[in-house]
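Open the model in your viewer and follow the stops below in order. Each stop gives a selection and what to look for there.

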Amino acid sequence: MLEEVGFVDVRIGEPIDTFGGAGGEENARNFDVSGYSFIARKPD
Amino acid sequence: MGEKTHFGGTEQADMPVDVDELRAEVQKKYAAVAVEPDAEYHFHTGRFIADRCGYDMAVVDTLPPEAIESFAGVANPFELRALEAGEHVVDLGSGAGFDSFLAGIAVGSRGRVVGVDMTQEMLLKASDTAEAMGADNVEFREGYIEDLPVEDGWADVVISNGVINLAPDKRQVFDEIWRVLKAGGVVQFADIANGNEVPEEARRHIDLWTG
């Protein structure tokens, strides 16, 4: 979606086990959910 | 993240939940996180999750407890790029201000940070903490991330953490980010993404959106 809007140079970081040990862990595991950092640039 | 990863999972055209109902549930959940940060939620809060997300804890520990305890982020928006002195930053869904205050430290006195949130309890907590910290370069404004109270082209950087996934109309959020960014500006944010597609039936469960 970032590229659809026009952003460029999109990068994604390593996954974080955001929900591990929390109440939402089961749902997170079911849907393979992790936290990620994203970065993109609006062109000059 | 593999090719099958689905960021956010939903677009406006097939929005499976009522927007007002979802916003009300999100506000209810995060109002609780503001006033009872140590209660049990579906997600981790506070210093524990900040450490897991890879924040620089030496900097985090310079913040007052009120700025840390209600943090409910999912990763580190500063992982892929450090902020620079003097930058103008907008924080989408700023909550109790954790990322905004870290941004304020990074951009320094020549920089500015505007945190935007829709939950009164979070805005009040963040503003009180900013005043107590003397964080003159950080301010908090009420608003929706789909309709940011920020002028066109003001921001060098837009950050967010664990919030865009809660917006039913993600395309509108990214259009707003585009609008407030200067040419050459950067969006650097943290959020959840799922490797397995969420079935339509599950996407209609607001508890799964907010949990």
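**Stop 1: confidence in chain A**

Select chain A. Its mean pLDDT is 94, and 100% of its residues reach 70 or more; pLDDT is the predictor's confidence in each residue, from 0 to 100. This is a predicted model, where local features need pLDDT of at least 70, side-chain atom pairs count only at pLDDT 80 or more, and totals for chains, interfaces and linings use all residues. Residues are numbered from 1 along each chain as its sequence is written, while chains are lettered from A and ligands numbered from 1 in the order in which they are written.

Color by confidence. Within chain A, helix 2 (residues 25-30) is lowest, at a mean of 90, and strand 1 is highest, at 97. Helices (H or I, at least four residues) and strands (E, at least two) are DSSP runs, numbered from the N terminus.

**Stop 2: strand 1 of chain A**

Select strand 1 of chain A. Zero of its five residues are buried (20 or more other C-beta atoms within 10 Å of its own, C-beta atoms being placed from the backbone), so the strand lies largely in the open. Three bridges join strand 1 to strand 2 of chain A, and the two run antiparallel. Strands pair if DSSP finds at least two bridges between them. Now pick A:R11: its bridge partner in strand 2 is A:I39.

**Stop 3: across to chain B**

Stay on A:I39. Opposite stands B:Q188, in strand 6 of chain B. Nine bridges join strand 2 of chain A to strand 6 (residues 181-194) of chain B, running antiparallel.

**Stop 4: the whole contact**

Select both sides. Chain A gives 30 residues and chain B 39; contact means C-beta atoms, placed from the backbone, within 7 Å. Strand 2 gives the most to chain A's side, with nine residues.

Terms used:
Two residues are in contact if their C-beta atoms, placed from the backbone, lie within 7 Å. A residue is buried if 20 or more other C-beta atoms lie within 10 Å of its own, exposed if 12 or fewer, and partly exposed in between; C-beta atoms are placed from the backbone.
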